[in-house]
Amino acid sequence: MKWDDGLLDTLMAMGLMREGKRAEGLYLEECLAQAWAEPIIWRPNGKGRITGVFCCMEPDCAGAHIIEPERMRAWELDWDGLCCAVASAAKAGGPMHTDAESRVTMLGAITRGGLTRELFLVRGLSRRDGPGVFASAARLNASPNATVLFCGEMPEPQQRRPNWKTVLVLSEIITLHRGKLALPLHRLFEDQTLPAAPAGTAEAASGTLTQTELEVLQALAEGGDEPQLVVQLVAASGHKRDAVMQATRRLISMGLAERPGTSRRKGIAATQQGLRRVGRLPKMA
Ligand SMILES: [Zn+2]
């Protein structure tokens, strides 16, 4: 999850985030290959500032990347603190219940205009065992009408269960107001069509693309599901590098493109939804 600095400071001050162990690597957005890099961190001559160096093997690239270790600082969520803050913002009542190895928490019941929902917060889907999280989320599976908020990532549309009436990404709806988290309560009761058009698919199928985004997606789709480097997309789409990178970020956020599943393969690929969107795969019935 990316935070702007002001929000991070506020969340740390609220006790919702704390600094954790430094990450081992990062995506080098300045590298033409956008490679996953694990720099060597060292202190020249045993004194002075510590520095990270990554020797890039990409033929089109300059060679060594100097990386400020600051960029690899990592923050951890205080899960209990976040659950309490979100429950309070959502005016959820009743006892909380956590399961699935502390990755799924029921925050309580929420009510609006005669509707009642049970509100859940889910995290850690990007971890290797993420897709299995729901199997052990007994309380969520037992809920007749859940509103499910995801920290960071939405599950694949096919994982969505019929009892998840509303699914939302927490960071997309939460705001800070006078040092407190605020949620647009009406969105927690959104009537999302189920199960024919899960949220991700609906957005991917219908979200508006700019001309640049469309052309970058077409360039991605040329390669099928093979990942492509930004430098290739620049050549294929005819757009400048910054525009290509901005477009790929949006396509990724819409589920139309992805970085390959393993962190060490380079580049960006169109997803099945992305291919479908530009007519490379048949539309879903
Ligand atoms: Zn490089």
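In this predicted model, residues 24 or more positions apart account for 54% of the contacts in the chain with a separation of 6 or more. The chain has 285 residues, and 31% of them count as buried. Its secondary structure comes to 9 helices and 16 strands.

How confident is the prediction? The mean pLDDT of the chain is 82. Of its residues, 89% reach 70 or more. Among the elements, strand 9 has the highest mean pLDDT, 96. Helix 5, residues 199-206, has the lowest, 51. Over residues 195-202 the pLDDT stays under 50. The model has 13 contacts beyond four places in sequence for that stretch. Where pLDDT is low, the predicted coordinates should not be read in detail.

Three strands form an open sheet in the order 4-5-6, and the pairing is antiparallel. Which strands stand at the edges? They are strand 4 (40-42) and strand 6. Each has a single partner strand, so one side of each is left without a neighbour in the sheet. Neighbouring strands here are turned by 25° against each other on average, direction ignored. Strands of a sheet pair through backbone hydrogen bonds, either parallel or antiparallel. Strand 4 and strand 5 pair in the antiparallel sense over 3 bridges. One of the residues to look for is I40, whose bridge partner in strand 5 is V53.

Now follow the chain out of strand 5. C56 sits in the loop between strand 5 (51-55) and strand 6 (64-67). C56 touches C31, A35, C61, G63, A64 and H65, not counting residues up to four places away in sequence. Take C31 from that list. C56 and C31 are 25 residues apart in sequence, yet 8.5 Å apart in space, C-alpha to C-alpha.

Next comes helix 2. Its residues L82, C83, V86 and A87 are buried. They cover an arc of only 130° around the axis, which puts them on the same side of helix 2. An α-helix has 3.6 residues a turn, so residues three or four places apart point the same way. What covers the buried residues of helix 2? The cover includes strand 7 (75-77), strand 9, strand 10, strand 11 and strand 14 (180-182). Just after helix 2, K91 takes a positive phi of about 55°.

Begin with strand 8, residues 97-99. It is joined to strand 9, residues 104-112, by 3 bridges, and the two run antiparallel. D99 has V104 as its bridge partner in strand 9. This hairpin has 4 residues between the strands, and A100 takes a positive phi near 55°. Strand 9 then meets strand 10, residues 115-122. Here 8 bridges join the antiparallel pair. M106 has F120 as its bridge partner in strand 10. The hairpin of strand 9 and strand 10 has 2 residues between the strands. G113, in its turn, has a positive phi of about 50°.

The largest nonpolar core has 34 residues. Those with the most contacts inside it are V86, A90, L107, F120 and L121. Helix 2 (79-89), strand 9, strand 10, strand 11 (146-150) and strand 12 (164-169) each supply at least two residues of this core. A second, separate core of 17 residues includes L233, M254, A257 and I268.

Leaving out residues up to four places away in sequence, L107 touches C83, V86, A87, A90, A92, M96, L119, F120 and L121. Among them, C83, V86 and A87 are buried residues of helix 2.

A236 counts as partly exposed, because it has 17 C-beta neighbours inside 10 Å. Which residues does A236 contact, leaving aside its neighbours within four places in sequence? They are A219 and E222. A236 and E215 are 21 residues apart in sequence and 8.9 Å apart in space, C-alpha to C-alpha.

Technical notes:
Residues are numbered from 1 along each chain as its sequence is written. This is a predicted model: local features need pLDDT of at least 70, side-chain atom pairs count only at pLDDT 80 or more; totals for chains, interfaces and linings use all residues. Two residues are in contact if their C-beta atoms, placed from the backbone, lie within 7 Å. Two strands pair if DSSP finds at least two bridges between them. Axes are lines fitted to C-alpha atoms, for helices over the stretch in contact, and angles run from 0 to 180 degrees between N-to-C directions. A nonpolar core is a set of buried Ala, Val, Leu, Ile, Met, Phe, Trp, Tyr and Cys residues joined through C-beta atoms within 7 Å. A residue is buried if 20 or more other C-beta atoms lie within 10 Å of its own, exposed if 12 or fewer, and partly exposed in between; C-beta atoms are placed from the backbone. pLDDT is the predictor's confidence in each residue, from 0 to 100. The arc is that of the directions from the helix axis to the C-beta atoms.
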